[in-house]
Amino acid sequence: MKSLDEYLRDAEEAHGHLCAGQILGVRMAMLGLEKLGIDDPQGADRKRLITFVEIDRCATDAVMVVTGCRLGKRALKFRDWGKVAATFVDVSSGRAVRIAARESSKAVAKQMHPEIPEKNRQQMLAYREMKADDLFDVQWVTVKLPPEEFPGFKGERIVCSQCGEGINFRREVLKDGKVLCRACAGESYYAPATGE
């Protein structure tokens, strides 16, 4: 694995700036990999890891940089829970660890560096220095992964009986005897616009 500073440079380049969330994400991912004994997540160990992230903010980009897990590779899973947390799953052993940023770390950062008035700068410095136990809650968990959640899964492609669009990875819904995509089944995040 790279050093904290190397990962922070990579995260800044990938994300466009360095902030407290990036530092949390890098440290979170490094700790998760350490707990699982994964040393080379983008090389020899790249097929061992699936990561669940719980927020769509800066920390997630940093987790991606460290782990090499990506949505397009089906190794990164997003759960919109609004928490600065991630679960790292070693698919070869089945072990999983969930790491969440402690809310109390903000107060600890303020105590560590009261001389820095700007909150983000204060947290950035403190989050680099803070012990992992002060920064994160660590919990060993169980994650059940059905076959369709694994990278490389080759499942049957189903066609929605209403809109005609293809559905991959067993995401279809059976409603009133019809096979539907989630949008046609009423779970749509969008609505057709009138006009253009």
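A salt bridge is taken here as a side-chain nitrogen of Lys or Arg within 4 Å of a carboxyl oxygen of Asp or Glu. The model is a predicted one, in which local features need pLDDT of at least 70 and side-chain atom pairs count only at pLDDT 80 or more, while totals for chains, interfaces and linings use all residues. Residues are numbered from 1 along each chain as its sequence is written, and side-chain values use heavy atoms, with hydrogens and water left out.

Select K2 and D10 to begin: their side chains meet in a salt bridge at 2.5 Å, N to O, one of seven found in the whole structure. K2 is partly exposed, with a relative accessible area of 40% (buried means under 20%, exposed over 50%, partly exposed in between, with a 1.4 Å probe and protein chains only).

Next select D90 and R48, whose side chains form a salt bridge at 2.5 Å, N to O. D90 lies in strand 3 (residues 85–90) and R48 in the loop between helix 2 (20–36) and strand 1 (49–53), so the pair ties together parts that are 42 residues apart in sequence; helices (H or I, at least four residues) and strands (E, at least two) are DSSP runs, numbered from the N terminus. D90 is buried at 2%, whereas R48 is partly exposed at 22%.

Finally, move to L8 in helix 1 (residues 4–15), which counts as buried at 2% relative accessibility.
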